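I opened my notebook to look at how two chains meet and how each one is built. Here are my entries, in the order in which I looked things up.

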Number of protein chains: 2
Amino acid sequence: MSLTDSAAADVAESASLASRRLATLSNPARNEALTALHLALDRNRDTILAANARDVEAATRAAESGNLNHSVLKRLDLSRPGKYDDMLEGILSVRDLADPVGKVTLRTLLDDGLTLERVSCPIGVLLIIFEARPEVIANIAALAIKSGNAAILKGGKESMESFVAIANVVSQALSGSQVPEGSIQLVKTRDAVSSLLAQDSLIDLVIPRGSNDLVRFVKDNTKIPVLGHADGLCSAYVHSDASVDTAVKVVVDSKTDYPAACNSLESLLVHQDVLESVFPAIAKALLDKGVSLRCDEASRSALTRTLPEGQAAHVQAAVDSDYNTEFLDLVLAVKTVPSTNPPSSAVEAAVAHINAHSSKHTDIILTESKEAADLFMNGIDSAGVFWNASTRFADGMRFGFGTEVGISTNKIHSRGPVGLEGLTIYKYLIRGNGHRAGDYHDGDGGRKYTHTSLPISQ
Amino acid sequence: MSLTDSAAADVAESASLASRRLATLSNPARNEALTALHLALDRNRDTILAANARDVEAATRAAESGNLNHSVLKRLDLSRPGKYDDMLEGILSVRDLADPVGKVTLRTLLDDGLTLERVSCPIGVLLIIFEARPEVIANIAALAIKSGNAAILKGGKESMESFVAIANVVSQALSGSQVPEGSIQLVKTRDAVSSLLAQDSLIDLVIPRGSNDLVRFVKDNTKIPVLGHADGLCSAYVHSDASVDTAVKVVVDSKTDYPAACNSLESLLVHQDVLESVFPAIAKALLDKGVSLRCDEASRSALTRTLPEGQAAHVQAAVDSDYNTEFLDLVLAVKTVPSTNPPSSAVEAAVAHINAHSSKHTDIILTESKEAADLFMNGIDSAGVFWNASTRFADGMRFGFGTEVGISTNKIHSRGPVGLEGLTIYKYLIRGNGHRAGDYHDGDGGRKYTHTSLPISQ
């Protein structure tokens, strides 16, 4: 399908219409569609894997000639052990989650016979733009159907064969269900993106799944709200009373568990008082794992004094831009926080540095003091603020959300790992019996609102 | 203050810094600032009213020479009976509302000694752009301080003298409180708006308070999320089994209680079966109140047959654009919904028309059937969907929210009347004891997440 602006409008228009009917489907009807989707993807495994193998072959050639990043190749390959089964399993776990639609979150008696309810409902039409990972199609289709949202999916060129194969299976599976046609639409051509991003009157939310560049491009080119994060610049602050053991464990895990992830550590702030005690232990453990350290003068000279000469030689001087860099690699920027009196001022200085440099994703403090931890957790303006725990816990599965649409660094709607709940909004329902607002005006001998909270469950 | 882009950046930057400290203030400290604000505005009543009188005088001249709408004049005048006292009273009611910050909405035990909490927190920096109403300054300053958000307020030229006078009192009152300097900033010049709207990295939410044109201008000229509605095109559907008495009461109130309000009725859909029974009673009551009806052919000819000739003469033929028009006046568009078998299909037709034409603000159904009401309330994609109750109930005070920032027709974050809760977001806090994500990986003999829900109140 080649998309002009008017074709993009058609796609968005039919998704919008479908979304209205999809929003009224019962949870069992939505679940049945997911069961059918699971079955169809299981039955068509060979066809889909054959198509995926053609994508992988083309990508391998591109990678060999230097035209494609090897990490893309890895993300593309659906035949890696467990990957296809995980994709199938994911559909069933989404199906088995609690229904996010129709939850009453407020119930108020406004007056005799006049009740107000706030009820969760789907947002409407989602646009998902992704790059290499073909399993995102199944994943997002499941999330959209479960939450009653229509979805337009736009894949990248590397995964085109897989995309077409999966798209056919998805369409066929859903055509036998109550999910209305047009609810899940798959758009293939490259030039479609800007036409789709222009449909702000019909598309309610864009979710880019891919590189920081993709997210930034989407954010810069649409009026539709975007759910996601362009950067994951996470920081850790080691306070003057940090436990050596805890600090070493948490910092090493944050930096090295999966350095390419958005929730891995990029900046380390160290209190001046522990530059020659806790910090060398952390530095040694990181250097042993192959991490390069980019240190300010105080932290670097502390390492020169405390580490064996051979190791200290691997420590580089930091430049200012290191504190604004998401390395996504085994590199860590280190900065010293000067001693202060009272000691709480050092926490405030760390908070100020992090608020100015972090991407509001996840930041952590290492301290044995509840007071310092509270000050830090209260002051940091990020989606996640952790005390003596790894930045790597910032994840929907780890949070117990069952699945995750993405991690948001937005300041409105949804923040941090976003599960099904982030794909819903609410509406206000009033049930009356001929009630007029005019009867409640002041001074007209009018009626009074009772505004009594009613129990949420009827 | 004349605002260049760099000056706008300075305003936004200092607001952002202030917001971080404001976010950590206790509820009592925020409440004390509101008490001080109330006292100062009470003490300086004469000065402020004198300044306001100068605005009103200038506006009266402008209105007399045809350069200003009379409704602006009315909105501008702070000396109207009760208005100043209402403004003062509003500050105290906001103060006395429950603290919207620090509410725990999720608590999960991830593993032994590892707990996750979701806690409400301020959004950050709000930009409020308003036109004539000078009391908005006090209102919004109170809401911002109570919710821990910094606010940049930009007033219109008609209220300039009032604005300066109130701004001085606000600044002085807050300077004696713990609210940090820069938390509430007031910007006066006209050309500042586009410079401020460009500060999307520092300002988190824009709230335009004024005409539809203002809201549309703001939405079209910023990447910052906008909370508000450009249009309030509300509809009512009279089903085949509607009670005459209920329908007349509710439709007349919806249309005539305050026709210039965004929650007043603009379109009426009538089931074909009641064109000569319920509808003429509604039409007569509306015509008696001076409402002009713009009817499609079926509804018009029904009135010709049933109403006295003199009254029927006031009924005009509708044109297509009437069903997309927010009249904000004593005008109502009327459309017939054909009879269907089953009758539920007529409800679906009404829902489809409304979803295609309404502005997703508030729509209502008049019916005695719970089944029809449920179908309608489920299918309509609007912030408010009411059954046998007036559209005019769509209002934060009436909903029992104590106060209202505005009414949102957005599909994300906040929808419908927005109270203090709409000015908050949340963050995720994890408290651990040296926990590493790497210990939980599959197949490493790893630990398992418990994901046990904990009680919200500790």
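**Entry 1: a pairing across the chains.** I looked up strand 13 (residues 384-389) of chain A and found that it pairs with strand 16 of chain B in the parallel sense, over 5 bridges. Strands here are DSSP runs of E with at least two residues, helices are runs of H or I with at least four, and both are numbered from the N terminus. Two strands count as paired if DSSP finds at least two bridges between them. Which residue is the bridge partner of A:Phe386 in strand 16 of chain B? I found B:Ile430 there. A reminder to myself: strands of a sheet pair through backbone hydrogen bonds, either parallel or antiparallel.

**Entry 2: ground rules.** I am working with a predicted model, where local features need pLDDT of at least 70 and side-chain atom pairs count only at pLDDT 80 or more, while totals for chains, interfaces and linings use all residues. Residues are numbered from 1 along each chain as its sequence is written, chains are lettered from A and ligands numbered from 1 in the order in which they are written, and side-chain values use heavy atoms, with hydrogens and water left out.

**Entry 3: the interface.** I noted 71 residues of chain B in contact with 71 residues of chain A, contact being heavy atoms within 4.5 Å. The two chains bury about 6000 Å² between them, 55% of it on carbon and sulfur atoms. Buried area is the accessible area (1.4 Å probe) that two parts lose on being put together, summed over both. In chain B, the residues that lose the most area to chain A are B:Phe393, B:Ile412 and B:Tyr428, together 11% of what that side buries.

I also wrote down 45 residue pairs in polar contact between chain B and chain A, both residues at pLDDT 80 or more. A polar contact is a pair of N or O atoms within 3.5 Å; within protein, one must be able to donate a hydrogen and the other to accept it, and residues adjacent in sequence count only if both atoms are side-chain atoms.

**Entry 4: salt bridges.** A:Lys223 meets B:Asp220 in one, at 3.3 Å from N to O. A:Lys223 lies in the loop between helix 9 (212-220) and strand 7 (234-238) of chain A and B:Asp220 in helix 9 of chain B, so this pair joins two chains. B:Lys223 forms a salt bridge with A:Asp220, with the closest N and O atoms 3.3 Å apart.

**Entry 5: a sheet in chain B.** I traced an open sheet of 4 strands in the order 5-4-3-6, with parallel pairing. Strand 5 (184-187) and strand 6 (205-209) are its edges, each pairing on one side only. In strand 4 of chain B, B:Lys154 stands opposite B:Ile129. Helix 1 (residues 5-22) of chain B lies across strand 3, strand 4 and strand 5, at about 145° to strand 4. Axes are lines fitted to C-alpha atoms, for helices over the stretch in contact, and angles run from 0 to 180 degrees between N-to-C directions.

**Entry 6: chain A.** Here I found an open sheet of 4 strands, order 5-4-3-6, with parallel pairing.

Technical notes. A salt bridge is a side-chain nitrogen of Lys or Arg within 4 Å of a carboxyl oxygen of Asp or Glu.
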